[in-house]
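Please keep the structure in view while reading.

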Amino acid sequence: MFSETVVLRGHIIDSLILPKVLDQILTQGGDFKIGEIKIGQNRVDQSYARIEVSAPTHEALDDIVLRLRQHGAEIIEKADVQLAPAPADGVYPKDFYVTTNQQTLITLDGAEIEVQPALMDCAVVVDRAGRRATARKFHEVRRGMEIVIGHQGIKVIPVQRSTSRTDVFEFMSTNISLEKPKSGVIREMATELKRARESGGKILVVAGPAVVHSGAVPHLEKLIEWGYVDLLFGGNAIALHDIENALYGTSLGINLERGSLAERGHENQMRAINVIREAGSISRAVETGVLKSGLMAACVRHGVEFVLAGSIRDDGPLPEVIIDTLEAQEAMREKIAGLTTALMMGTMLHSMAVANLLPATVKTLCVDVNPAAVSKLTERGSFQSLGLVSDLEPFLRELTGVLAR
Amino acid sequence: MRQLLLCPPDYYGIEYEINPWMSRAHGADTPLVQAQWKGLFDTLSTLDCKIELVPPRPKLPDMVFTANAGLTVGRRFIPSNFRHEERAGEAPHFARWMEEHGYEIVWLAKDLFFEGEGDALFGGDVLFCGYKFRSDINSHRAVADILGCLVISVELVDPRFYHIDTCFCPLPDGGAFWFPAAFDEYGQRAIRDHLHDLIDVEPEEAVHFSCNAVVLGRDIVLPKGAPTLVATLTERGYKCHPLPMSEFLKAGGACKCLTMFMPQREK
């Protein structure tokens with residue numbers, strides 16, 4: 001939302017100018033907050049109202065303000081942000097403003113500019129000539145870049161929570177629902193996934209290897225087949241365990257059908273890595289028919305893009321795994337543009353990493369068998385996150401069951 | 001006795017187009033202009049008032065519409081800041097004349113458009129001011145500051161009725177006659193909140209500028225063409241003097257536009 005503060009003075013009550021102005025703001029799709037109002041005591045005393053007018057776009061706001069000026073509204077000039085140059089590559093100036101994942105606007109030369117993207121724990125780099133404000137991580141900063149310092153001229157617009165109990169995200173906020181009805185939450189989640197799919201939204205799944213261990217792969221495959229997954233983020237492990245399972249029927253050597261240790265099962269993981277490395281990539285292994293089933297094969301077949309980020313304990317890793325963490329972060333940031341919904345399951349590491357990249361507007365559901373993992377995620381400041389403590393297989397079984405109905 | 005300011009129509013003509021009535025293709029008939037203006041002058045002369053004349057100036061054809069010279073309250077005169085360049089040249093002549101006749105001149109800030117009595121009429125102790133086409137609403141606030149009175153600002157929405165005196169005429173008994181459709185909904189409500197006993201003028205009579213009338217006690221001088229309004233006013237004890245105004249209507253003016261009260265109110 002973009003906003004301007006306007007002031008009305010005069011006999012605005014008797015002339016009905018104040019109600020007219022407020023009505024016009026609303027009928028033109030804007031919103032208002034009355035900052036201050038002083039009503040004249042005597043008949044001839046003039047009144048005063050300071051009104052913050054907001055609208056979803058710059059153009060809409062300009063239109064509204066233009067009309068309000070006709071009715072005598074005066075615009076209050078806003079204070080500009082303060083800027084300082086970055087002292088060295090990768091270093092922000094002292095007192096730099098730390099971003100949140102909420103929509104943020106800065107005032108530059110009297111006009112508001114939206115900071116893009118809404119990314120937390122960054123500084124805001126300003127390009128005066130291009131009139132752009134960008135949230136940038138340390139490593140993206142170059143010496144001399146102009147960076148916002150202090151808090152003047154910055155406006156953060158939190159995602160509004162609805163007071164109506166129509167959307168599970170809006171009323172349950174960040175509570176972990178250990179003592180809440182799981183079926184209800186899962187039904188709401190299914191509704192949200194449907195809504196996202198039907199309204200052209202973009203859905204991300206962040207998954208850990210527990211999806212494979214718990215035997216939930218067939219359910220997740222269904223979600224992919226039904227078009228509920230646009231993006232998959234994870235690490236080396238989920239892909240590797242899924243591929244091992246697809247090739248040898250084991251995950252970390254355990255036969256998933258019988259739950260028992262397979263003979264020389266511990267070798268399967270290493271053999272699986274070798275098969276994929278030999279094929280050149282996971283995608284190539286699917287294309288050449290080496291890898292026929294499982295989660296990763298479903299992703300390749302249905303055009304679901306995936307980003308696999310490496311970690312220090314990885315075996316292999318698989319060819320697509322990005323081992324430079326900054327590069328992996330970059331790849332994920334690129335892909336999440338336009339994201340509306342995120343489902344995070346069974347991985348604290350990757351879920352936290354992704355949650356830090358998401359704007360607050362993305363609706364997030366975190367599912368983990370470990371309550372600590374869920375609470376850590378839901379307390380990250382994502383305003384529309386909902387935690388559910390559950391094993392993944394029953395969760396995904398119920399979710400796909402609801403979606404199938 | 002009320003004092004009125006008029007300006008002989010020696011240089012009057014349709015020389016530009018700044019409202020929907022004006023068309024250079026349909027110029028005014030000079031002998032008829034003289035006759036109609038004289039008709040107004042003579043009628044007013046028989047009523048309870050004293051008429052002063054401001055000398056007309058060449059190249060200022062609309063100086064004849066003295067209502068737009070400014071607003072006079074007591075011995076103070078607030079000159080107009082015309083919106084259109086074409087009329088801006090009138091302001092210094094009117095101001096000088098008023099100053100020479102002992103009025104204190106109180107200028108508004110240059111960026112505030114204000115067209116005098118044309119957009120500012122007292123109904124009781126409330127000053128009703130029109131805005132949008134000619135005057136800015138912010139000028140109303142400045143006028144309220146100067147005069148210390150309640151100003152009701154109303155938006156005009158029909159470009160044919162571009163000044164408040166073309167669609168609204170307060171009466172001495174507290175009421176007014178008006179053409180409501182010339183105002184937006186909020187303006188209509190604001191007027192109704194402050195004036196009772198309003199007489200609505202029919203659209204077919206309003207287009208003859210029937211509301212552009214000079215009220216002197218129980219006498220009302222108004223343009224011809226409003227038999228229903230005249231009947232209503234007569235019934236209420238007013239004496240109506242309908243006058244032909246066709247040549248001034250071509251410029252978007254009539255009886256009231258041709259007249260300014262000096263002062264409109266004593267204080």
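In chain B, strand 1 (residues 2-6) and strand 2 are joined in the parallel sense by five bridges; strands and helices here are DSSP runs (H or I over at least four residues for helices, E over at least two for strands), numbered from the N terminus, and two strands pair if DSSP finds at least two bridges between them. Within this pairing, Leu5(B) faces Glu52(B) of strand 2 of chain B. Helix 1 (residues 30-45) of chain B packs on the sheet and touches strand 1 and strand 2 of chain B. The direction of helix 1 of chain B makes about 145 degrees with that of strand 2 of chain B; axes are lines fitted to C-alpha atoms, for helices over the stretch in contact, and angles run from 0 to 180 degrees between N-to-C directions. The sheet itself is open, with three strands of chain B in the order 2-1-15 and mixed pairing. Its edge strands are strand 2 (49-53) and strand 15 (260-261) of chain B, each pairing on one side only.

The model is predicted: local features need pLDDT of at least 70, side-chain atom pairs count only at pLDDT 80 or more, and totals for chains, interfaces and linings use all residues. Residues are numbered from 1 along each chain as its sequence is written, while chains are lettered from A and ligands numbered from 1 in the order in which they are written.

Chain A contains 14 helices and 19 strands. Among contacts in chain A between residues at least 6 apart in sequence, 65% join residues at least 24 apart; a contact requires C-beta atoms, placed from the backbone, to lie within 7 Å.

One open sheet of chain A has four strands in the order 2-3-1-4, with antiparallel pairing. Strand 2 (31-38) and strand 4 (74-76) of chain A stand at the edges with a single partner strand each, so one side of each has no neighbour in the sheet. From one strand to the next, the twist averages 30 degrees. Seven bridges link strand 2 of chain A to strand 3 of chain A, and Lys38(A) has Tyr48(A) as its bridge partner in strand 3 of chain A. Nine bridges connect strand 1 of chain A with strand 3 of chain A, where Phe2(A) stands opposite Ala55(A). Strand 1 (residues 2-10) of chain A also pairs with strand 4 of chain A over three bridges, and there Val6(A) is opposite Ile75(A). Helix 2 (residues 58-70) of chain A lies across strand 1, strand 3 (47-55) and strand 4 of chain A, at about 5 degrees to strand 1 of chain A.

Further along chain A, helix 14 takes part in two helix contacts. Helix 4 (residues 182-198) of chain A crosses helix 14 of chain A at roughly 55 degrees, their axes coming within 9 Å. The two helices are therefore oblique to each other, since angles under 35 degrees count as roughly parallel, over 145 as roughly antiparallel, 65 to 115 as roughly perpendicular and the rest as oblique. Residues in this contact include Ile186(A) and Leu193(A) of helix 4 of chain A and Phe395(A) and Val402(A) of helix 14 of chain A. Helix 6 (residues 217-225) of chain A packs against helix 14 (residues 392-404) of chain A at about 35 degrees, with axes 8 Å apart. Here His219(A), Leu220(A), Lys222(A) and Leu223(A) meet Leu396(A), Arg397(A) and Thr400(A).

Between the chains, 16 residues of chain B are in contact with 15 residues of chain A. Helix 4 (137-147), strand 8 (150-155) and helix 5 (185-194) of chain B each supply at least two residues of the side that touches chain A. In helix 4 of chain B, eight of the eleven residues are buried, among them Ile137(B), Val143(B) and Leu147(B). Their cover includes strand 1 of chain A, together with strands of chain B such as strand 3 (70-73) and strand 8. After helix 4 of chain B comes Gly148(B), whose phi is positive, near 65 degrees.

Methods
Two residues are in contact if their C-beta atoms, placed from the backbone, lie within 7 Å. A residue is buried if 20 or more other C-beta atoms lie within 10 Å of its own, exposed if 12 or fewer, and partly exposed in between; C-beta atoms are placed from the backbone.
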